[in-house]
2 protein chains.
Amino acid sequence: MNISPLPRGLLATVVLLSLIVPTYAADPLPSWNEGKAKQAIVEFVGKVTRAGTPDFVPAAERIATFDNDGTLWAEQPLYFQGLFMVDRVKDLAPEHLDWKSREPFASLLKGDLKGAMSGGERAVVEMAMTTHAGMTSEEFEKMVKDWIANARHPVTKRLYTEMVYQPMLELLAYLRTNGFKTFIVSGGGIEFMRPWTEKVYGIPPEQVVGSSIKTKFEMRDGKPVLVRLPEINFVDDKAGKPIGIQQHIGRRPIAAFGNSDGDLQMLQWTAAGAGPRFCLFVHHTDAMREWAYDRESAIGRLDKGLDEARAKGWTVVSMKDDWNTIYPK
Amino acid sequence: MNISPLPRGLLATVVLLSLIVPTYAADPLPSWNEGKAKQAIVEFVGKVTRAGTPDFVPAAERIATFDNDGTLWAEQPLYFQGLFMVDRVKDLAPEHLDWKSREPFASLLKGDLKGAMSGGERAVVEMAMTTHAGMTSEEFEKMVKDWIANARHPVTKRLYTEMVYQPMLELLAYLRTNGFKTFIVSGGGIEFMRPWTEKVYGIPPEQVVGSSIKTKFEMRDGKPVLVRLPEINFVDDKAGKPIGIQQHIGRRPIAAFGNSDGDLQMLQWTAAGAGPRFCLFVHHTDAMREWAYDRESAIGRLDKGLDEARAKGWTVVSMKDDWNTIYPK
């Protein structure tokens, strides 16, 4: 087979041109309405990718971090990991007959989520540890994979992965096309997200930062395992987010995306670096197609963040006005 | 400018061919002598990259983890981070006049390293925390950058980055050329490595896993900083290595490279996965060009690991026999 039908020099030229000539493709953000938010994103990406200009940022430093709950997928009426916990408690109940008369499990099994939560942090931690610890990391991964493939949201009846935001999927892809490395930085459990983020968001496990519990390495029948322990290791929320970013990524993002006060420190940390920076809050304003909540919400409260975004000129996306589509079709 | 002098179909064909036709370049591992170790590496890489065969591993799963001290660079007569600590104590001494009469600093300042270390773990931790904590992450990064650019090794008088192993640099590049993602998984401090690993090894900060101290997010004059606290966060050594790998990478490596018993659990964890696996120990056998040590050494002891490598058929590199070059020229 003659694999090179062209003279060597011409071949090289063609290959080179194919790498450097920009392609004017269709709108990469079709689910975003024309407006200030979309414009700000496109301008920022254009600015940092234009070689030879003062605002140019080398590809290796184009780090973008995304909160997950409420930013990449929905988070109402409860963080989805909370709903996973509820489902797990029900699954485990037959092996724990005492739960019928023991709080917080008794309330939860009766479908009384509020009652179960009324025990406060202690009750939530007990339920979380019962459902998230005591197994190996591989066993937990399998549980999450099974759940994410089959469980359905109590309100929409959709699979949870069908409740990711289409405009954010487009934004992730758009940033990656422009040389960005996209990370999740979430208060959610790191091992709860990793089994599905690559397939759903195109974000591989090593680019997921989250909360974690401690694990222990041990040999079982000559085979090494990591056992999940009922002890908090790291809480990747609020002031924990810049810490998690530094710990996992080791460089400051140039763009950060969140939706709640839990993301404020991540945006502050991002904004405080030198050179061009981009900070964005998704504001849940769409009671018809999704949920509308901000300053008073127990889940995903956006209060201080909204004030700071306005004071500093960060981008605030109104889901109602800026997005023509919410979920993937 | 006519940027596309060829018909569109032909252009596409040429571009495609340029991507899929293998190039038979010069030997990618010229510092490796022909022998069992080199052969095992090349065979493994060939096996996992051959599409359509049972041993093929998709690029996203081609994770390779490398210990640093004694595997990618030298570690005698003391881990280089220990020598950094010594240099820092000397730099800081003028601000701490009491150190002249206070152990372990007094011995260290007299050049008596053994005396300083005789206080055991407590003394080492005190020196480590004094030199590694109390500043912001940015200030620490600057200290490391200054030191790595200027400090010289007490025996060879080389810069420390001139004491990396040329054969391992070639191996890192060879793996990356074949679609592997290369990570450092070291007992050394994560923030001690990140300021220079990208330049020296081609490994970016987000692919460095290491030991760490705790940090605190705070606002100083309206500017967010991360302050390094004198408290251990994570020790990425021995059984800590699989834990660090799971925490940071979230998938099991298919290839792991170490040189001491501190790497044994990382190699066990790697070997225990399904499909083709590659485990390698660098054995320090070259007293003339580097150092010769193994079962009895306080630094970089290789004892149980050597036995397990032989029992399991892992690759053991003899630096004396397998490498024709040690340091970059």
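Biologist: Where is Glu191(B) found?

Modeller: Glu191(B) sits in helix H9 of chain B, helices being DSSP runs of H or I of at least four residues and strands runs of E of at least two, numbered from the N terminus. This is a predicted model, in which local features need pLDDT of at least 70 and side-chain atom pairs count only at pLDDT 80 or more, while totals for chains, interfaces and linings use all residues. Residues are numbered from 1 along each chain as its sequence is written, and side-chain values use heavy atoms, without hydrogens and water.

Biologist: Is Glu191(B) buried or exposed?

Modeller: Glu191(B) is buried, with a relative accessible area of 15% (buried is under 20%, exposed over 50%, partly exposed in between, with a 1.4 Å probe and protein chains only).

Biologist: And what does the side chain of Glu191(B) make a polar contact with?

Modeller: The side chain of Gln246(A), at 2.5 Å; a polar contact is a pair of N or O atoms within 3.5 Å, where within protein one must be able to donate a hydrogen and the other to accept it, and residues adjacent in sequence count only if both atoms are side-chain atoms.

Biologist: Switching topic, how many salt bridges are there between chain B and chain A?

Modeller: The count is eight, a salt bridge being a side-chain nitrogen of Lys or Arg within 4 Å of a carboxyl oxygen of Asp or Glu. One of these pairs Arg252(B) with Glu138(A), whose closest N and O atoms are 3.2 Å apart.

Biologist: Which helix gives the largest share of the side of chain B that touches chain A?

Modeller: H1(B), with six residues.

Note on methods. Chains lettered and ligands numbered in written order.
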